[in-house]
Number of protein chains: 2
Amino acid sequence: MSDEHFMQQALNEARKAQEKGEVPIGAVVVMNGQIIGRGHNQVEMLTDCTAHAEMIALTAAFNYMGAKYLPEATLYVTLEPCVMCAGALYWSKIGRIVYAAPDDKNGYRRVTGEKSPFHPKTKIETGLRGEESLSMVKAFFAARRK
Amino acid sequence: MSDEHFMQQALNEARKAQEKGEVPIGAVVVMNGQIIGRGHNQVEMLTDCTAHAEMIALTAAFNYMGAKYLPEATLYVTLEPCVMCAGALYWSKIGRIVYAAPDDKNGYRRVTGEKSPFHPKTKIETGLRGEESLSMVKAFFAARRK
């Protein structure tokens with residue numbers, strides 16, 4: 001299975017959030033070609049500002065694996081993680097993070113700058129399906145401002 | 001009720017973690033002199049490295065209040081929050097954070113440096129019962145190394 005396939009799964013999760021009136025962000029955690037955790041933003045539904053796609057997908061993956069570290073796994077997420085999610089990904093020791101689009105307002109780089117908040121072994125990639133993810137987020141906020 | 005009283009409650013939470021073999025860290029969220037959320041570290045029990053005292057106390061407070069922001073509340077925690085918890089506290093717009101002891105290894109300042117990761121209106125205080133908190137954490141790790 002390709003990165004493209006799994007980012008599509010993350011985009012599908014983002015679509016679920018959108019349909020519920022949530023900011024459209026989705027994530028999947030993958031190990032050995034299998035999805036071991038899924039999540040989409042549920043901040044409004046749970047009235048919990050920590051209920052981000054990545055947190056939900058990570059907790060699902062920890063539960064599924066019965067493990068608190070995921071060095072062999074990849075997280076696919078449709079938007080650059082925020083500081084909270086970057087901190088959670090640090091603790092998880094996740095092997096690889098692929099995020100579709102940058103988030104110049106709330107992405108982790110806004111606070112950490114050039115200093116990586118992740119585990120030294122974590123690989124970071126970005127750009128895959130970025131335009132599709134951003135256009136979903138922009139459409140959401142444009143509709144909300146009306 | 002005084003800061004001293006609520007930090008004692010956070011230390012009591014840390015003690016609960018210690019009794020379960022967890023890193024001894026505890027937190028309470030307080031609004032109008034009332035505890036609206038409690039938490040202690042449950043990383044081992046839940047095999048979830050995001051199950052920090054602050055995350056659990058915040059989610060409990062959001063649930064109790066039915067609100068996703070806590071600008072009138074104070075978080076008392078026995079150790080300096082990590083990057084993940086600092087990010088969660090940013091989203092919560094919490095009014096005030098009181099942490100007992102610094103955490104030079106995993107505290108948020110290690111990554112953010114002088115740049116505050118919190119909401120601009122959030123007040124930060126530290127030092128209250130710091131020695132007691134640190135001696136509990138040090139004793140825990142000393143016992144584990146034996």
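## Buried residues and the A–B interface in a predicted model

In this predicted model, A:Leu70 is buried, with a relative accessible area of 2% (buried means under 20% relative accessible area, exposed over 50%, partly exposed in between, with a 1.4 Å probe and protein chains only). A:Leu70 lies in the loop between H2 and strand S3 (74-79) of chain A; helices (H or I, at least four residues) and strands (E, at least two) are DSSP runs, numbered from the N terminus. Leaving aside neighbours within four places in sequence, A:Leu70 is in contact with residues including A:Val29, A:Ile36, A:Leu58, A:Phe62, A:Met65 and A:Ile94, where contact means heavy atoms within 4.5 Å. A:Gly95 also belongs to the contacts of A:Leu70; the C-alpha atoms of these two residues, 25 residues apart along the chain, are separated by 6.9 Å.

Residues are numbered from 1 along each chain as its sequence is written, and chains are lettered from A in the order in which they are written. Local features need pLDDT of at least 70, side-chain atom pairs count only at pLDDT 80 or more, and totals for chains, interfaces and linings use all residues, while side-chain values use heavy atoms, with hydrogens and water left out.

The contact between the chains takes 29 residues from chain A and 29 residues from chain B. About 2,500 Å² is buried between them, 63% of it given by carbon and sulfur atoms; buried area is the accessible area (1.4 Å probe) that two parts lose on being put together, summed over both. In chain A, the residues that lose the most area to chain B are A:Cys49, A:Lys68 and A:Trp91, together 25% of what that side buries.

The rule finds two salt bridges across this interface, a salt bridge being a side-chain nitrogen of Lys or Arg within 4 Å of a carboxyl oxygen of Asp or Glu. The side chains of B:Lys68 and A:Glu44 form a salt bridge at 2.5 Å, N to O. Elements that give two or more residues to the side of chain A that touches chain B are helix H2 (53-65), helix H3 (83-92) and helix H4 (109-112) of chain A. H3(A) supplies the largest share, seven residues.

The structure holds zero disulfides over all chains; a disulfide is a pair of cysteine sulfur atoms within 2.5 Å.

| Cysteine | Relative accessibility | Nearest cysteine sulfur |
|---|---|---|
| A:Cys49 | 3%, buried | A:Cys82, 9.5 Å |
| A:Cys82 | 6%, buried | A:Cys85, 3.9 Å |
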